[in-house]
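Subject: Structure for you to look at

Hello,

Here is the structure I promised to pass on. Please open it alongside this message, and then read on for what turned up in it.

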Amino acid sequence: MPTKSKSRRVVLLVGTVKGAFLYHSDARRKKWTMTGPHLPGWEIYSLCGDPRRNRILAGTSSFVYGTTLRESSDLGKTWKQVKAGPAYSAESGFELKHIWQIVPGHPSEPGTWYAGVEEAGLFVSRDDGKTWQELDGLTKHPSRKLWFPGNGGMCLHTILVDPANPLRLWVAASAIGVFRSDDGGKTWETKNRGLPTVPTGQPAELEVGRCVHKMVLDPHRPGTLYQQFHGGVFRSDDAGDSWRSIAAGLPGNFGFPMVVTARGDVFIVPLHSDEQRFMAQGALKVYRTCDRGRTWRALARGLPTDPHYVGVLRDAMATDPLDPAGVYLGTTSGEVFASADNGDSWTRLPGNLPRITTVKTWVR
């Protein structure tokens, strides 16, 4: 449920291709201060705040030094590398290119963390992030020989944990599709029925070949999921067993980010098209549905009125658990926009950053 406490502090974690930046505010979210760059020069593909241990986890990449997992316990002032972080074995034949997602496990498992990586795979830590192991039931799935990358790489970018069942997990990878595990990640099933294959001539009966851009879980309806797809927006009401389009009323069917609030409202940022990956007519607009995709409303009050031919990447949008919900997005041109009223109005936060790859919230 949404949090109403006035004493909470909100930290907005923003990752870019040249380091991380942190924005700080109180629960009113009217005034923000910025710190950074933290980890300057590193590509930051994932960030996560850990309120239990008061730390930040970051997935960092460098073409010189490779991919690492780092943590900070002083709001980004200093960082240390997790020495036994996610890493493929030499025998696996896979290369660890980026850590795309870091999420905590089920609340009943306080020491559990998951990391989604490129090349597409899933890692788990059972000791609060000290050591990590590959959940190779996914990478050894019978469909693995048919996996291939999307334009942004073969990345496992979404990890969802069922709040009612710690053994049920969903992941999504581009351009592969959706998988679900009902045994804590030991075995996996594809969950792509109703989703079109990517436009490369692949047969419709192919088990994989679905380019999911982002997926979220409804916090109040068990088994209800939403996804922004490569050419559509979809909903499942049966835990991913089947999907149907909810794109009617949107200006286009292409986009990357998708987030859901604690009340269950879903937000997306449609782009013009696959071939023209920027705002249609240069108008920066966010779309919200409060009725599970039956209707969509364009939200632009406070957003720039001058032409903005920019994009928003798949992980560059976030919400916070406060009431009303905060909604945040970062653009490919390095601007950060924030709403403290569930998207009804927006303000631009200070600074012009490098290309923004990830946005996450941390309420302390």
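This is a predicted model: local features need pLDDT of at least 70, side-chain atom pairs count only at pLDDT 80 or more; totals for chains, interfaces and linings use all residues.

You will find R29 in the loop between β2 and β3. Leaving aside residues up to four places away in sequence, R29 touches V10, D320, L322, P324, A325, G326, Y328 and A340.

**The chain as a whole**

Stepping back, the protein chain has 28 strands and 1 helix. Its radius of gyration is 19 Å, close to the 21 Å that the globule rule gives for 364 residues, so the chain is as compact as a globular protein of that length. Along the principal axes, the C-alpha atoms fill a box of roughly 50 × 45 × 40 Å.

Of the 364 residues, 60% are buried. Among contacts with a separation of 6 or more, 50% are between residues 24 or more positions apart. The chain exposes about 14,900 Å², and 52% of that comes from carbon and sulfur atoms. As for charge, there are 45 positive and 35 negative side chains, and the centres of the two sets lie 6 Å apart.

In soluble globular proteins, nonpolar side chains tend to be buried together. Here the largest nonpolar core has 36 residues, and the members that touch the most others are L12, Y23, V286, M317, L329, V336 and W346. The elements giving two or more residues to this core include β1 (9–16) and β2 (19–26) from one part of the sequence, and β20 (254–260), β21 (266–271) and β28 (356–363) from another. Also on that list are β24 (317–319), β25 (327–330) and β26 (336–339).

Not counting residues up to four places away in sequence, Y23 touches V10, V11, L12, V14, W32, T33, M34, V336, L349, P350 and L353. V10 is on that list, and V10 is also touched by R29.

There is a second, separate core too, with 19 residues, including V103, V161, V171 and I176.

**Backbone details to check**

Two cis peptide bonds deserve a look. One joins E118 and E119, with omega at about 5°; E119 is found in the loop between β9 (113–118) and β10 (121–125). Another runs from S174 to A175, with omega near -5°, and A175 is in the loop between β13 (169–174) and β14 (177–181).

Two residues other than glycine have a positive phi. Are they buried or exposed? L39, with phi of about 50°, is in the loop between β3 (33–38) and β4 (43–50) and counts as buried at 8% relative accessibility. Q281, with phi near 55°, is in the loop between β21 and β22 (286–289) and counts as exposed, at 63% relative accessibility.

Happy to go through any of this with you.

Best wishes

Technical notes: Residues are numbered from 1 along each chain as its sequence is written. Side-chain values use heavy atoms; hydrogens and water are left out. Helices (H or I, at least four residues) and strands (E, at least two) are DSSP runs, numbered from the N terminus. The radius of gyration is taken over C-alpha atoms; the globule rule is 2.2 Å times the number of residues to the power 0.38. Buried means under 20% relative accessible area, exposed over 50%, partly exposed in between (1.4 Å probe, protein chains only). Contact means heavy atoms within 4.5 Å. Accessible areas come from the Shrake-Rupley method with a 1.4 Å probe; for residues, only the protein chains shown count as cover. Lys and Arg count as positive and Asp and Glu as negative; His and the chain ends are not counted. The place of a charge is taken as NZ of Lys, CZ of Arg, CG of Asp or CD of Glu. A nonpolar core is a set of buried Ala, Val, Leu, Ile, Met, Phe, Trp, Tyr and Cys residues joined through side-chain atoms within 4.5 Å.
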